[in-house]
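Let's explore a protein model together, one question at a time. Have a look at it first, and then we'll work through a few answers.

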Amino acid sequence: MRLVLGGYGSAIGVVDLSELDGSRFGEPRSAAEAASPSWVLPSADGRFVYAALESAEGRVGAWAVTAELPWRPLGTRSTGGADPCHLALSPDGGWLLAANYSSGSVSVHPVREDGSLGERVELVAPEGETGPVADRQDRPHAHQVVFAPDGKVLVCDLGLDLVHADALDPVSGRLTQIARSPFPPGTGPRHLVLTRDGRTAYVVGELSSTLSVCRVTGPRLEVLQTVSARAADADTENTAAEVALADDERTVLVSQRGDDTVATLSVDARTARLVSVDPCGGSWPRWAGLVGGSAIVADERSDAVVVLRRQGYGWAVEATTTWTRPTCVAPLPTQ
């Protein structure tokens with residue numbers, strides 16, 4: 001399996017997960033020149049890769065995946081916002097949405113038949129009361145955009161302590177807000193993951209280092225339970241980052257920056273229970289995910305992508321590879 005690597009460097013990387021050599025796996029190769037591609041997103045068929053190019057003058061880029069490296073560039077487009085940090089493709093593959101963190105907006109670009117992007121057709125940002133954490137919740141901060149199974153768009157806004165739902169017009173690409181689901185002040189909703197039926201969402205609070213189990217009813221999220229994702233004796237300054245749901249939908253991972261750990265929680269549609277907190281194998285785990293039977297972590301401050309293997313209820317380091325300030329890892333579908 002090939003993995004696409006994003007980060008705060010000058011390139012998008014690709015590495016073969018199967019090339020294990022003792023405590024090392026693969027040697028990442030540069031697949032495309034890109035400025036701070038902090039979030040990478042392959043198309044469903046693996047023919048194209050998109051990246052959020054995180055800067056004050058935000059842009060999104062597209063590349064055609066080719067047999068030989070580097071991939072063929074398809075150009076970049078302005079998002080109209082600052083510091084895009086997350087992307088989502090509509091279920092039909094016709095629209096690319098970007099969450100612009102610093103400006104709190106969501107932008108929409110058409111995806112052409114050749115995989116390239118058209119000029120932005122939409123840019124929206126919610127209004128509302130900001131949260132109590134002054135240095136982090138001074139304004140709206142869109143941190144993630146996700147398509148639910150029913151087609152609605154869910155946006156985690158860290159600055160406003162809410163997840164808002166939007167309807168995407170499939171013809172014009174316009175967004176219309178249809179619901180707002182508030183979270184307790186100071187939560188800082190960062191990312192969420194949905195069950196396959198779309199009825200349950202697990203939301204990670206970056207500022208509170210928590211996981212919330214939410215019932216999804218139409219466009220609204222109802223918090224059923226919130227639990228800490230930290231070890232009981234943790235006392236460092238910490239922010240939670242990524243949330244990932246296992247294929248059997250019984251296990252959730254949450255990465256913790258500061259504690260430098262990966263938390264494992266047992267979940268169902270109503271509750272979550274912390275079962276293990278393990279070292280992430282590096283420093284500042286910006287991203288964590290489940291690929292096959294392994295957990296993979298992008299440790300931004302140690303320039304390492306780490307593969308973890310199951311050990312009892314938790315995880316142990318199996319292998320690592322080096323990439324500059326990694327922030328995102330995405331499996332590349334086989335064409």
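**A walk through the predicted model**

Q: In which strand is P189 found?
A: This is a predicted model, so we are reading a computed structure. Residues 189–194 form a strand that includes P189, and that strand is β18.

Q: Is P189 buried or exposed?
A: A residue counts as buried when its relative accessible area is under 20%. The value for P189 is 0%, so P189 is buried.

Q: How far apart in space are P189 and S212, C-alpha to C-alpha?
A: Along the sequence, P189 and S212 are separated by 23 residues. In space, their C-alpha atoms are apart by 9.5 Å.

Q: How many disulfides does the structure hold?
A: A disulfide needs two cysteine sulfur atoms within 2.5 Å. For C214, the nearest cysteine sulfur belongs to C156 and is 9.4 Å away, so C214 is in no disulfide. C328 is in none either, as its nearest cysteine sulfur, that of C85, is 11 Å away. For the structure, the number of disulfides is 0.

Key. Residues numbered from 1 in each chain as written. Predicted model: local features only at pLDDT ≥ 70, side-chain atom pairs only at ≥ 80, totals over all residues. Heavy atoms only, no water. Helix = DSSP H or I, 4+ residues; strand = E, 2+ residues; numbered from the N terminus. Buried < 20%, exposed > 50% of the residue type's maximum accessible area, 1.4 Å probe, protein only.
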